[in-house]
Amino acid sequence: MHSISVRDLTLNFGSHAVLKTMNLDVAEGEFIVLLGPSGCGKSTLLNCIAGLLDISDGEIWIKGQNVTWAEPSERGIGMVFQSYALYPQMTVRGNLSFGLKNARMPKAEIESRVARAAKILQIEPLLDRKPGALSGGQRQRVAIGRALVRDVDVFLFDEPLSNLDAKLRAELRVEIKRLHSRLNNTMVYVTHDQIEALTLADRIAVMKGGVIQQLDAPQVIYNRPANLFVAGFIGSPAMNFLPGAVVDGGRSFRLGEHSIALEGYDGRAVDLPRAILGLRPEHIAIATDPRPGTSLPAVVELDEPMGADSLVWLKAAGQQMSVRVPVERRLEPGTPVYLHLDLPKASLFDAATEQRI
Amino acid sequence: MHSISVRDLTLNFGSHAVLKTMNLDVAEGEFIVLLGPSGCGKSTLLNCIAGLLDISDGEIWIKGQNVTWAEPSERGIGMVFQSYALYPQMTVRGNLSFGLKNARMPKAEIESRVARAAKILQIEPLLDRKPGALSGGQRQRVAIGRALVRDVDVFLFDEPLSNLDAKLRAELRVEIKRLHSRLNNTMVYVTHDQIEALTLADRIAVMKGGVIQQLDAPQVIYNRPANLFVAGFIGSPAMNFLPGAVVDGGRSFRLGEHSIALEGYDGRAVDLPRAILGLRPEHIAIATDPRPGTSLPAVVELDEPMGADSLVWLKAAGQQMSVRVPVERRLEPGTPVYLHLDLPKASLFDAATEQRI
Amino acid sequence: MCPGPIWNSEANAVADLTKGPRGAKPRKILSRRNIMLYGILFVISVYYLLPLYVMVVTSLKGMPEIRLGNIFSPPVEITFQPWVKAWAQACTGLNCDGLSRGFWNSVQITVPSVILSIAVAAVNGYALSLWKFRGAETFFAILIVGAFIPYQVMIYPIVIILREIGIYGTLWGLVLVHTIFGMPILTLLFRNYFSSVPEELFKAARVDGAGFWGIFLRIMVPMSLPIFVVALILQVTGIWNDFLFGVIYTRPDTYPMTVQLNNIVNSVQGVKEYNVNMAATLLTGLVPLIIYFISGKLFVRGIAAGAVKG
Amino acid sequence: TDLEVTHWWTSGGEAAAVAELAKAFDATGNKWVDGAIAGSGDTARPIMVSRITGGDPMAATQFNHGRQAQELVEAGLMRDFTELAAKEGWADIVNPPSLLANCTLDGKIYCVPVNIHSWQWLWLSNKAFADAGVPVPTNWDEFVAAAPALEAKGITPLAMGQQAWQNAGAFNVLMVAVGGRDLFMKVYGDKDEAVAGGAELGPVFKAIDDARKMAANSKVQDWNQATNMVITGQAGGQIMGDWAQGEFQIAGQVAGTDYTCLPGLGMNEIISTGGDAFYFPVLSDPEASAAQEVLASTMMAQATQVAFNLKKGSLPVRGDIDLSTANDCMQKGLEILAAGNVIQGSDELISPDTTTQINDLMSEFFNDPAITVEDAQARFADIIATAE
Amino acid sequence: MSTSPRPYRLLRNLNAKIASVPMILTALVIFVGGTAWTVFYSFTDSKLLPRLRFVGLDQYERLWSTGRWLTSIENLLIYGVLTLIFSLVIGFLLAVLLDQKIRFEDTFRTIFLYPFALSFIVTGLVWQWILNPEFGVQNVVRSLGFTEFVFDPLYDPDIVIYGVLIAGLWQGTGLIMCLMLAGLRGIDEDIWKAARIDGIPTWKTYIFIIIPMMRPVFVTTLVIIMSGIVKVYDLVVAQTGGGPGNASEVPAKYVYDFMFAAQNLGQGFAASTMMLLSVVIIVVPWAYLEFGGKRRG
Ligand SMILES: Nc1ncnc2c1ncn2[C@@H]1O[C@H](COP(=O)(O)OP(=O)(O)OP(=O)(O)O)[C@@H](O)[C@H]1O
Ligand SMILES: Nc1ncnc2c1ncn2[C@@H]1O[C@H](COP(=O)(O)OP(=O)(O)OP(=O)(O)O)[C@@H](O)[C@H]1O
Ligand SMILES: [Mg+2]
Ligand SMILES: [Mg+2]
């Protein structure tokens, strides 16, 4: 039984289709991250699952129940919003218990649940403060707590960290991950921060224009992106794209006057007049000597030290490329070098269909 | 002659001192980044330099002139804001020429300057659009253009990129760096994004509570932070701090029952009963065997893959530590390992004064 | 398994669990909620529309019909005579040219008063929100308290002040009075609105060398349409509808329309000519009503921007 | 020269009378600019006073003569017409002389009286009594006695507008009619608190209580609407000043056949000699000042007096004119005047402030049956005690 | 430009100060000066023209022993409290109704708002007409067969003030609704979503969550309503003229009548001063908190 199952979900705002016959199955206890550019429909999908939007077509199942028409509060879900949406005039305790009181739960039960959630989230000392007197991270926790006390199996998060500064974000990210491994309930998490997606997810659904482009484990998404969009969207600094042609029965990639042997590349071997070779900055090495077949001559343009690593910008075969090197290695602009490409880790795309080959 | 010279600057809001007797000299053509947590007074300092806030005490000199009480427009500065602050009802051309018109510059001159700036920033096709019809990156450029046309020597940036998504931010960061190397004017740049600070700055001023904690080149700040605050603030993931004692006439660091030889550490060699050893995640290696004197036994807790690298969280000597490893190396939680510490790159702090020793 | 969801608990108890609702949730147009909602709205609308209806209907009846019928019944015989009379014939004393005289006077009073009062208040609000100086808030607080002072209290001091400046009885005296009494609320609106304009915009303009007036005229005014609309509507209705100042601070040949209305309604020649009165009333209210109907949307938007973000 | 004249004469008869003044003035080559303010004197006076004190005076303005304008005169805001009066010999022609006396302050004449108004009239609808099948009463007591018969036919016995001055006016009329001249003078002239609270005034308060009961169903506002009730036979009668006559005239009714008038309510045939007067604020423009004099003498001229007062239904201020064209009721008034059965009006005796207080009292009394006669009298005595 | 000297305090922001001169003059000369003048002359026995003959507190003694003034105060209290309550309640309820994503929202909003465009004079006249027992509602209901039906609020001294209230609410609630609607629209939609997920019924969400969040809107609204209440004058004059008797008198009318009709300025000024006093007692602490304090530095 799937924890959440979205079947042929379609949602139109007026005549504008925001979600297009979408299917998504989430296993019990799985952590799914919805990733995609702004406006691609992530929040909309989440709201449909929560029952906050009436869908146009399709079905939604949660825990084996068809909840397509059920009220949000009946679906056994908890939701955490980007702005937290805490009730500002109630104390933290009030925020946590308001839903329970409303369900006419006995007082003692409410108290014990609030106490438990507060303990898990370490917000016991804050219970009598109002949200206005809390820091961003604390508010965040209260918002999670509101879902926690309701003892739901499915947690929905809509960009819960995007209002916070980088440091806090990193901390809370780890905290959410711990929470998940402790509670082990199903989580659907919307973000457009890649680091969050890559570190948190069991599986990532990369969306674009209301369609899921790829749904896979983070490492698969990172290393074997299904299409150009996913390849370009994931990874920072971004993947380098070299337009060229696959020749020699799929054994070589022709880039201007250079030819690169596709040795070790694990895709299908067919010729293609218009293809794109994708290589991540960390899969290129900078050397002073050429390596026959898998290297390109290049000229250093800019060297950006970023603490532990440096990002080196170069020009090779008329294309701008970026390469990641340890920070100790400083390269002067104008230095001619050779780029050694790690082809087993490269990705090849059909320029016409934009799909990986 | 310094380009900007801030002397004993104090600024109070009511009785609350936001900037405390601050001194800062910026050389001609230098790129200074002000970095610090929210509310530390970065924007306030920038506004003081620009003349948008009346200072409480001290002097501000720009290009050898005392401008402490000069109008903002008389100071020869240009400013770029976080929200761009473009005039919504004017076209891009109007935005660019507004300041010049105010200065009653001849029409022809205005036009040639606007054309030049538009060319440098590659926004010629946008000149007749209104800001509402521009993308984030384009607005950004117009905002820079507004400073550019005024031919000022000093550019002030207040978090110019923080409203943009990660991808665009990376691109514009490179663009600003290029712009600086082309124009070569003085730039003071406020951010709280470390990557920006590290990649852009000639020197970084790390601020906290209205006081500059350290003012140095990025690599110095990163590798030899002046105090605990700077060490903890810079670097993501953050530096690991191990509390212990310096013994043996400054030759060993005692951490519980473990003793670590301070071989190669270049600080002063004195004994200290309460000290803190700081080590960045990339300056620790994970091995299966111990290395006498400079290694610690540890147990893996969590493994966070982040694309190119993984962050491994471990417990060692009762402390939680993070270590950066290539993403290919997966470590199961619970695995016992040894951490090899790269002590020449470590930092030692006096726990009482929080200063580096 | 927990108890089944409520919507199929009885009727579909035996149904296959894989079947179930699909697609859009059915929404009955005539649901109980909708009937209640629109029913209540309709009833309330009747209460709000009734007076307008009565005015229109009555103004189209002849006097005999009014004396007989009830006020809600539609006119049997529609006559526009009352309108003609109200506009052009009704007498006050010796003047028998109805409201028409007052109309142009009202226009002449309203236009400069509205312009000046809005201009002054906009500048006030701008100075208060972006160019704070010591004491400004105190003056503003006094102004706000002033909004509560009944006009009657101020009539006499103002007569004296106007006499001393020597503009009593002139159009400018009246314009000044309207400007003064419009100032508190308008200043509040403008202040709140300008406070919500991003401060960075203001800073950018200062760096660009624009001064107090430059920023106001070139940057702030062009982006404040909604609040100007609100101010415009408030002032047009307020000044157009004003009676007290119009009668005290003008002279008969410049009486505004409301004073003429009062004269017509209160000049009873034997019996009250309700139909003429209603026509006169409608004619007087027409200008502000038209403005409301035209700019209602902007008004609501401006109110949201100026009043709520306080 | 254009002269702006403000007044509050806007009812049908009044407007017709003003037109006569304007016609006469326009005939002198000047122009009457009419500044009528509708409502009543209470609405109009503040406006007039504000304009005069505000330094933007009109050329002439109506006041009830007496004390309403006294302070304006004292402040030197009004023109002194002593010379003109001497030249035209007003002192000889104005009758009764008290009219001119009221315009005089420190020996100088500041206003032009234009008419004599008497309050003390009861107007009866012959039709109403015919409908009710009772004879037309000849005095107040008969009227009260006839009330039940009228009510039985659904006719309101006494028409009474809701405005306070009408209520108070009726009270003052009843005081003269029921109590007599001396009582009236003791109360308002001497401001004798003891009399005001004493038994002497008992019958007057009983009468006003009767009036209250008879007027219970009268829900009109303005006096001329009340008069209209009498004209149409919806009401039996109305206590109102002689200006009501103008309304009867406009409605084409004939005294004696369509309606009956009882001066002094048929009890004490005494009338008061209040009236309207015009004051002329000091103007800076010499041309306008000259025109003011023309207007003043036009108002006093014989022909104007006749034409004006015939329309207005009031009595002329000159003793030397022939009013044979006047109707039945007016003739009665003239006779009483000639007999010297006159009394000062309350406006001349008490300040506007006191008037307002009495207005308030009577207005409440008429509208709240819960106020007993005793309460009302006690409050009346308090007002007289502090009256000026 | 060489070293620029530190400018005088007074000259900084000079343009802003110059531009604020009208406001400062209005505040000082008109509001403070006029008020002080009024209070000052309330201790004299000025009649038609202001004059300096001091009589101490005589005018106040008389004021507080005058039935009409006491009635005015009582009426103002009744009218004020009820207007406050009903305006807020009705305005809020209408706003809630319009906030239900209904069709024709614009139409309904215009219907509720249009009376605000009409003056109180017009409002008073129309409602006088509708409430007139001979022509209006009473007559209509009677002609339907209920011959004993009585509805003549304007002619019954006990309830006349409620008749005025009906008209006042008709005129003013539209604006309140507008303000409330703007307030409702300004609330973060996520709050609604969170409440739905918590399973909180709509009405509870309004009462326990939304209304407390709308505090600033309520404050603004309160100012507008209260400043209208103190000033109520035209409506009463047009609708009832203060009658029947003095049953619908209000303080502003008392002031006006005594200053001008009764030619007793002193008394009018004393009544004005009492009105000012009540305004000050209500408003000053509030204005200080809301505007005068250090908020929004
Ligand atoms: N109520 C609405 N009416 C009409 N269109 C809407 C509505 N809500 C959202 N949309 C549209 O639906 C699309 C998807 O919106 P959604 O909020 O799901 O994007 P998102 O992926 O969450 O973006 P973000 O990262 O910016 O939150 C957008 O194009 C948006 O304009
Ligand atoms: N107008 C003001 N009145 C009073 N205090 C202020 C004002 N502006 C700023 N402050 C205070 O001054 C301190 C510094 O603010 P500043 O805006 O310079 O911070 P910052 O470093 O730019 O922070 P951020 O990264 O959030 O922009 C803060 O504590 C802030 O609360
Ligand atoms: Mg979203
Ligand atoms: Mg800042």
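# Briefing: chain contacts and a sheet

Among the 8 pairs of chains that touch, chains C and E make the most contacts; contact means heavy atoms within 4.5 Å. This is a predicted model: local features need pLDDT of at least 70, side-chain atom pairs count only at pLDDT 80 or more, and totals for chains, interfaces and linings use all residues. Residues are numbered from 1 along each chain as its sequence is written, chains are lettered from A and ligands numbered from 1 in the order in which they are written, and side-chain values use heavy atoms, with hydrogens and water left out.

**Chains E and C**

- The contact draws on 95 residues of chain E and 88 residues of chain C.
- The size of an interface is often given as the accessible area lost when the parts come together.
- Chain E and chain C bury about 8200 Å² between them. Buried area is the accessible area (1.4 Å probe) that two parts lose on being put together, summed over both.
- Carbon and sulfur atoms account for 78% of that area.
- The rule finds 10 residue pairs in polar contact across this interface, both residues at pLDDT 80 or more. A polar contact is a pair of N or O atoms within 3.5 Å; within protein, one must be able to donate a hydrogen and the other to accept it, and residues adjacent in sequence count only if both atoms are side-chain atoms.
- Salt bridges between chain E and chain C number 0. A salt bridge is a side-chain nitrogen of Lys or Arg within 4 Å of a carboxyl oxygen of Asp or Glu.
- Helix H2 (residues 21-41) of chain E gives the most to the side of chain E that touches chain C, with 14 residues. Helices (H or I, at least four residues) and strands (E, at least two) are DSSP runs, numbered from the N terminus.
- That side of chain E has 67 nonpolar, 20 polar and 8 charged residues. Ala, Val, Leu, Ile, Met, Phe, Trp, Tyr, Cys and Pro count as nonpolar, Asp, Glu, Lys and Arg as charged, and the others, Gly among them, as polar.

**Chain D**

- Here 30 residues of chain D are in contact with 24 residues of chain C.
- The area buried between chain D and chain C is about 2200 Å², with 53% from carbon and sulfur atoms.
- This interface has 0 salt bridges and 2 residue pairs in polar contact.
- H1(D) gives the most to the side of chain D that touches chain C, with 5 residues.
- By class, that side has 10 nonpolar, 14 polar and 6 charged residues.
- Chain D has no contact with chain A; their closest C-alpha atoms lie 51 Å apart.
- Chain D does not touch chain B either, and their nearest C-alpha atoms are 47 Å apart.

**A sheet in chain B**

- An open sheet of 6 strands runs in the order S6-S7-S8-S3-S9-S10 (chain B), with mixed pairing. Two strands pair if DSSP finds at least two bridges between them.
- The edge strands are S6 (77-80) and S10 (211-216) of chain B.
- Strands S3 (residues 31-35) and S9 (residues 203-208) of chain B run parallel, joined by 4 bridges.
- Leu35(B) has Val206(B) in S9(B) as its bridge partner.

**Two helices in chain E**

- The axes of H10 (residues 202-213) and H11 (residues 215-231) of chain E come within 5 Å and cross at roughly 65 degrees. Axes are lines fitted to C-alpha atoms, for helices over the stretch in contact, and angles run from 0 to 180 degrees between N-to-C directions.
- Ile211(E), Pro212(E) and Met213(E) of H10(E) meet Arg215(E), Pro216(E) and Phe218(E) of H11(E).
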